Amino acid sequence: MSRFWKIVLLVVAVLVVAVVGVRLMGGKKGDAAGPAAEGRQGGDPANAGPVPVTVIDAVRQDVPVYASALGTVAAMNTVTVSPQVGGQLISLNFKEGQEVKKGDLLAQIDPRTLQASFDEAAAAKRQNQAQLATARSNYQRSNSPEYRQYVAKTDLDTQRNQVAQFESAVAANEASMRAAQVQLQYTRVTAPISGIAGIRAVDAGNIVSAGTALVTLTQIHPIHVVFNLPERQLPAVRQAQAAGAVDIAALDRNDAHVLTDGGKLDVVDNQISSDSGTFRARALFDNEDNSLWPGQFVNVRMQLRTIAGGVVIPTQAVMRGPDGEYVYIVKPDSTVAMQTVKSGVEVGDSQVQITEGLKGGERVVSEGQFRLKPGAKVTALKPGETPAAPTEAELKAAQQQGGGGRRGGGPR
């Protein structure tokens, strides 16, 4: 290698070392200036303003305790209406879906054949009554004092037996008439219960026989709701039942609103299912407004008891940590403190009853507690209230504080 190239390589190496050294020195200066700049821009957390939070009072009120379950609406009575005699179906006297009363005419079957049977039995009765009258007259005449001595005792006994024979024949005719009359009444098919008529199973003009289904009637006033509850709730249910009438409400599938209330616990089943660990119960509703329909699924809410003077707060106010549930309480000096609590039953859709940790009257943070720590300063807001906009003086102070930080850390 010539001397010239040695000199070139030496110069290049010196330049590379110089560049690397300059970059390393610049990085250290930047690292040293970074924390200071951050400190000037971020500020001291202790000097931060109060945190706006929503505050609500823990109140005391009577808290109802409910047991909830999914139930099925069941008709109190369901009857399939069938004729008891055969014949041609002349007419159907109801509309499908119509509410009918007990005893209303539903269908008419041709009565002529059975009417003839009744008339035949009535004619036979009249014939035997005439023969009975003749037999009685003969017997009374033969048994009178002036004729008895001229009539043989055998003939007298025969006449007496004829009277008894025709009396029995008349009685048999009367029985035949009653049987024919019953059959004749069966040609008028009437509603055995009050209820809603379903879709008819046969049309007028068809020949029906005894047992042919015509229509199904379903009683919906009153109506039952059958539901299952876990066996652990059986003592509470039985205790509530022993104390008096147990109120039950039926809600829609989404628990959005009450379909009907005023129901009462009707019966608790006499055994627990070993397969599911549940027991069946049944509620009775008047259902005057037809809000419940057989086969419908509803949510059942049964009131078991009432907690007098329970402490109630919003559900979102309760936080959960490693040591259990807690809430933030606002002190008179507008600072917060962490309070361990124990929640009980739910109150409606947005509140919960507190069994331990609160006495009622405390100011509890319900929104904004994720930004808090014990001892933090807060601005208490009412539910739905928003923080007030900053004043002009506060904006200027913030700008001055921010500008001073930039002047202290910016380039000179």
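Which side chain makes a polar contact with the side chain of asparagine 128? The first legend answers this; every view comes from a predicted model.

**View 1. Asparagine 128 in helix 2.**
Helix 2 covers residues 112-142, and asparagine 128 is part of it. The side chain of asparagine 128 makes a polar contact with the side chain of asparagine 173, at 2.3 Å. Asparagine 128 has a relative accessible area of 15%, so it counts as buried. Not counting residues up to four places away in sequence, asparagine 128 touches Phe166, Ala169, Val170 and Asn173.

**View 2**
Strand 4 (residues 87-92) and strand 6 (residues 105-109) run antiparallel and are joined by three bridges. Serine 91 has glutamine 108, in strand 6, as its bridge partner. Strands of a sheet pair through backbone hydrogen bonds, in either a parallel or an antiparallel sense.

**View 3. Alanine 213 in a loop.**
Alanine 213 is placed in the loop between strand 9 and strand 10 (215-218). Its relative accessible area is 33%, so alanine 213 is partly exposed. Which residues is alanine 213 in contact with, leaving aside its neighbours within four places in sequence? They are Thr80, Val81, Ser82, Ala201 and Val202. Proline 83 is 130 residues from alanine 213 along the chain, yet 7.6 Å separates the C-alpha atoms of the two residues.

**View 4. The salt bridge of glutamate 96 and arginine 200.**
A search of the whole structure finds 11 salt bridges. In one of them, the side chains of glutamate 96 and arginine 200 meet, with an N to O distance of 3.6 Å. This pair links distant parts of the chain, 104 residues apart. Glutamate 96 belongs to the loop between strand 4 and strand 5 (99-100), while arginine 200 belongs to the loop between strand 8 (195-197) and strand 9. Both residues are partly exposed: glutamate 96 has a relative accessible area of 40%, and arginine 200 has a relative accessibility of 39%. Side chains of opposite charge can pair when their charged atoms come close.

**View 5. Two further salt bridges.**
Aspartate 110 and arginine 112 form a salt bridge in which the closest N and O atoms are 2.9 Å apart. Arginine 112 is exposed, with a relative accessible area of 61%. In the salt bridge of aspartate 269 with arginine 280, the closest N and O atoms are 3.8 Å apart. That pair also links distant parts of the chain, 11 residues apart: aspartate 269 is in strand 13 (residues 258-272) and arginine 280 is in strand 14 (residues 278-285). Aspartate 269 is partly exposed at a relative accessible area of 31%, and arginine 280 is partly exposed at 47%. Elsewhere, salt bridges that share partners join Glu96, Arg200 and Asp203 into one network.

**View 6**
Strand 12 (residues 247-251) runs antiparallel to strand 13, and four bridges join the two. The bridge partner of alanine 250 is threonine 260 in strand 13. Six residues lie between strand 12 and strand 13, which form a hairpin; in its turn, aspartate 255 has a positive phi of about 60 degrees. Strand 13 also pairs with strand 14, in the antiparallel sense and over five bridges. Lysine 264 has leucine 284, in strand 14, as its bridge partner. Strand 13 and strand 14 form a hairpin with five residues between them, and glycine 277 in the turn has a positive phi of about 70 degrees.

**View 7. The hairpin of strand 17 and strand 18.**
Five bridges pair strand 17 (residues 324-330) with strand 18 (residues 336-340) in the antiparallel sense. Valine 330 is opposite valine 336, which is in strand 18. Which residue takes a positive phi in this hairpin, which has five residues between the strands? Serine 334 does, with a phi near 65 degrees.

Notes:
Residues are numbered from 1 along each chain as its sequence is written. This is a predicted model: local features need pLDDT of at least 70, side-chain atom pairs count only at pLDDT 80 or more; totals for chains, interfaces and linings use all residues. Side-chain values use heavy atoms; hydrogens and water are left out. Two strands pair if DSSP finds at least two bridges between them. Buried means under 20% relative accessible area, exposed over 50%, partly exposed in between (1.4 Å probe, protein chains only). A polar contact is a pair of N or O atoms within 3.5 Å; within protein, one must be able to donate a hydrogen and the other to accept it, and residues adjacent in sequence count only if both atoms are side-chain atoms. Contact means heavy atoms within 4.5 Å. A salt bridge is a side-chain nitrogen of Lys or Arg within 4 Å of a carboxyl oxygen of Asp or Glu.
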